[in-house]
Structure formats: structure tokens, C-alpha cells
Amino acid sequence: MIHPIDALGGAIVSHGPDRLRFFTDGWGDMSIINRAVLPTDVPQPISIEWVSDVTNEGLTTSVGVFESPAEILPSHARHGAVTRITPEAGANRTVVLMAAWNEHDSRARFGIARRLARRGIGSLVLENPYYGIRRPDDLDGQPIRTVADFFRMGIAAVMEGRGLLATIRSAGCIPGVAGYSMGGNMSALVSSTMPYPVATAPLAASYSPSPVYLDGALRGGIAWEALGGEPSAEPELRKALLSASVLDRPAPDHARYAVLVSARSDGYVPASTTEALHAHWPGSELRWMSGGHATLLWFRKGAFATAITDSFDRLVSAGAATLG
């Protein structure tokens, strides 16, 4: 049964103001969609310019900027931002925390990062392309206006996540990647492309964006008329979104050390999609929590931090962790 708060959120997306809807400008550049390929090479570290650094109550918070390795991004998103939260004494484990859908404010991930820092684990909180300071210049409404925008965002986030993992490893730390909702899907995609072991914790994650946007509460937010009408557009959109599926990629050896978390009454991410990811990664652990998609984020940040910590521990205990 879908949690009532998730049901309410779905109703707001479906019947709320037009500014909440996405793909309002249609498909966009079809060449971006048709040629979308996830990178699989050895990622290069990203050069980050750290512009601020504050230590308070034993935690150090730094903000950095960088030029994205993704050339497909529009000018407003080409320069990225990342917040680093670490214990003041430093850390030999650092996780990249990927953004959830429509997450223009990273405070939820900061809450997870601070919990991790108190356990001796550092975090790099990536501001997603098209979100926050990286959104289009006209600040009104939903920034993902075409399907091509969604693909640009996704491919770029994967490339940036991989680059940040390489940055962590080059600094002599054990790298990890995690995220909630869309960020969970992104973390699984990133992990599946990595040529060396990384701790992995997909949280409330699907194996692909397709079932989330087409079979969950977000379906009502799609501007179907801009895509040519729901009956004809739905099969094509499903096919396009399924092209970004973890299930189409061989499970990396380090996937056996992954820890997944899912809500039993999630109205946004169908339970079957998390179960499919878990089954595709033999040896991974799936932890079920009570509640829905929203309440999982609101009340289970400690459980998220534990899942990330445990994935690092599993990786290290098996002797699979490698340093740059």
C-alpha cells in the first residue's frame, strides 16, 4: 500500500501548478537521447578549486567549484559545485552523495554527511547539473524542460560522480558512492561503470529511471501533450529511459558489498525495481524500512548513514578496497 504522504505528493504533481511539470518543451535534441552512452573508461580526477573552509563542532565544511567533464551540458550547468564535509581530524573513507530528483537544496544530504563525519567518513555532496546554481538563467519553474535535458543531466551527473570518485582515490582515500531516490539510481549507475572497487549504497533506488517516472507518482508530472500525447509517447519514453538501466550492465565484483535501503510503502519507487537491482547484484544486502518515500528521507537519515558505513566496512573486511 502506498504511503498517504506519497499519494498526496503524487496528487500535487499531477494536479498542481504547471510549473511543477517536466518535459514541457517536448523531446528536445533527439541526437542526445539516441546517442546516450554511459562512460566506462578509467575516470580522471576532477580539479576542484576550494573557495571556502569552515570548521565547527569538530566538522570541517568546504565548498569547491570545478569545470564539468561533460561537454554536452549547456553553459549554465558547465561549472559544478561540491560541498565537502569531513571530521576535523580527516578521513580515509569518502563517499560521493548524488542528488535526488528536483533537489535544489542539499540540506538533506548535508544531514547524512554530518552523521557520516561523526563516524569518521567524509562526504562530497555534488550539486546536480540543472539544480541550484546550475539551473537555467530564468529561475521560474521546472528546469528539466525536455527529455534531452534529462539525458544531459543524467549523463553529466554520472561523469561527475565518476570523476569525484577518482579524485577521492587519487588522494589516497577509499571511495564510495550513495544517493537517495534519483540519486540512488545514479549511484548504482556510477558504481556499475567503475573499473575499481567502490563502496555503494543505493537508497530508495530503482535500477532505471523508467519505472519511477512511468509507473510511480511522478507519472502525473509529465507534460504528455508536449511529447505528442500519452498513448503514442509512453512507449517511446519508456524505451528511452530504459536505456539507462543498471540491469543492462554486468554486475561489478564490488557490487556484492553494496547495501540497499528501500521503503515498504514507497509510492515513487516501485519495490520491484529495488528488488530487481538487488537480484542483479548477487551478494548485495537489501534492507527494508517501514514508511514511504518521503518519510524514509525525513526520518531515516541515520539508517542511511549506517548503510553507507556498512558498505565501506563490507568492502574493507573483504580486502577489496584499493587506494590510489
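**Salt bridges in the predicted model**

D313 is partly exposed, at 31% relative accessible area (buried means under 20%, exposed over 50%, partly exposed in between; 1.4 Å probe, protein chains only). This is a predicted model, in which local features need pLDDT of at least 70 and side-chain atom pairs count only at pLDDT 80 or more, while totals for chains, interfaces and linings use all residues. Residues are numbered from 1 along each chain as its sequence is written, and side-chain values use heavy atoms, leaving out hydrogens and water.

D313 pairs up with R93 in a salt bridge (a side-chain nitrogen of Lys or Arg within 4 Å of a carboxyl oxygen of Asp or Glu), and their closest N and O atoms sit 2.6 Å apart. D313 belongs to helix 10 (residues 301–317) and R93 to strand 4 (residues 93–98), so this contact ties together parts 220 residues apart in sequence (helices are DSSP runs of H or I, at least four residues; strands are E, at least two; both are numbered from the N terminus). R93 itself is buried, at 16%. In total, the model has 15 salt bridges.

Another pair, R152 and D149, stays within helix 4 (residues 147–170), where the two are 3 residues, or about one helical turn, apart. Their N-to-O distance is 3.4 Å. R152 is buried at 16% relative accessibility, and D149 is buried as well, at 12%.

R238 and D215 also form a salt bridge, with 2.9 Å between the closest N and O atoms. R238 sits in helix 7 (residues 230–242) and D215 in helix 6 (residues 209–215), so the pair links parts 23 residues apart in sequence. R238 is partly exposed at 23%, and D215 is partly exposed at 45%. Through shared partners, salt bridges join D215, R219, E230, E234 and R238 into one network.
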